Amino acid sequence: MSSTYLEKLEDVDIQSVHKSSLTDIKNVKIDTSLERSERVSDFLAQIGNPYCFLCDEVIVKICFSDTEDTLEEKLNEYFLSL
């Protein structure tokens, strides 16, 4: 997938997207016997849009912050703040 195509997928508006055009993530199966790059390609082929998908009929849209912090660092920061 090209970066331009991924940007278009990322820009999907969840207010106007049709549920019928999205894949339910519960139907995606990860083949752990594949190499990492093959698993990623297989996931992308199955999910269609990695930024916008369904989970039990609920539209989910994910985005990422422009930061060098890791998810682990952010989770630690969050839980320490509680």
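The structure holds 0 disulfides, a disulfide being a pair of cysteine sulfur atoms within 2.5 Å. The model is a predicted one, in which local features need pLDDT of at least 70, side-chain atom pairs count only at pLDDT 80 or more, and totals for chains, interfaces and linings use all residues. Residues are numbered from 1 along each chain as its sequence is written, and side-chain values use heavy atoms, with hydrogens and water left out. The structure also holds 2 salt bridges, where a salt bridge is a side-chain nitrogen of Lys or Arg within 4 Å of a carboxyl oxygen of Asp or Glu.

**Cysteines**

- A disulfide is a covalent bond between the sulfur atoms of two cysteines.
- The sulfur of cysteine 52 has its closest cysteine sulfur in cysteine 63, and because the separation is 11 Å, the two are too far apart for a bond.
- Cysteine 63 is accordingly in no disulfide, its nearest cysteine sulfur being that of cysteine 52.
- Cysteine 52 is buried, with a relative accessible area of 1%, whereas cysteine 63 counts as exposed at 64% relative accessibility; here buried means under 20% relative accessible area, exposed over 50%, and partly exposed in between, with a 1.4 Å probe and protein chains only.

**Confidence**

- The mean pLDDT of the chain is 91, and 100% of its residues reach 70 or more, pLDDT being the predictor's confidence in each residue, from 0 to 100.
- Within the chain, confidence is lowest in H1, at a mean of 86, and highest in E1, at 96; these labels denote DSSP runs numbered from the N terminus, with helices (H or I) of at least four residues and strands (E) of at least two.

- The side chains of aspartate 56 and lysine 26 meet in a salt bridge, at 3.0 Å from N to O.
- Aspartate 56 lies in the loop between E1 and E2 and lysine 26 in the loop between helix H1 (3–10) and H2, so this pair ties together parts that are 30 residues apart in sequence.
- Both partners are partly exposed, aspartate 56 at 48% relative accessibility and lysine 26 at 47%.

- Helix H2 (residues 36–47) has 12 residues and reaches 16 Å from its first C-alpha to its last, close to the 16 Å expected at 1.5 Å a residue; the expected span is 1.5 Å times one less than the number of residues in the helix.
- H2 is followed by glycine 48, whose phi is positive, near 80°.
- Asparagine 49 lies in the loop between H2 and E1 and counts as buried at 6% relative accessibility.
- The side chain of asparagine 49 reaches the backbone oxygen of leucine 9 at 3.1 Å and the backbone nitrogen of cysteine 52 at 3.3 Å.
- When its neighbours within four places in sequence are left aside, asparagine 49 is in contact with Leu9 and Val12, contact meaning heavy atoms within 4.5 Å.

**Leucine 6 in helix H1**

- Leucine 6 has its place in helix H1 and is partly exposed, with a relative accessible area of 23%.
- Although leucine 6 and proline 50 are 44 residues apart along the chain, their C-alpha atoms are separated by 8.7 Å.
- Leaving aside its neighbours within four places in sequence, leucine 6 is in contact with Met1, Pro50 and Tyr51.

Key:
A polar contact is a pair of N or O atoms within 3.5 Å; within protein, one must be able to donate a hydrogen and the other to accept it, and residues adjacent in sequence count only if both atoms are side-chain atoms.
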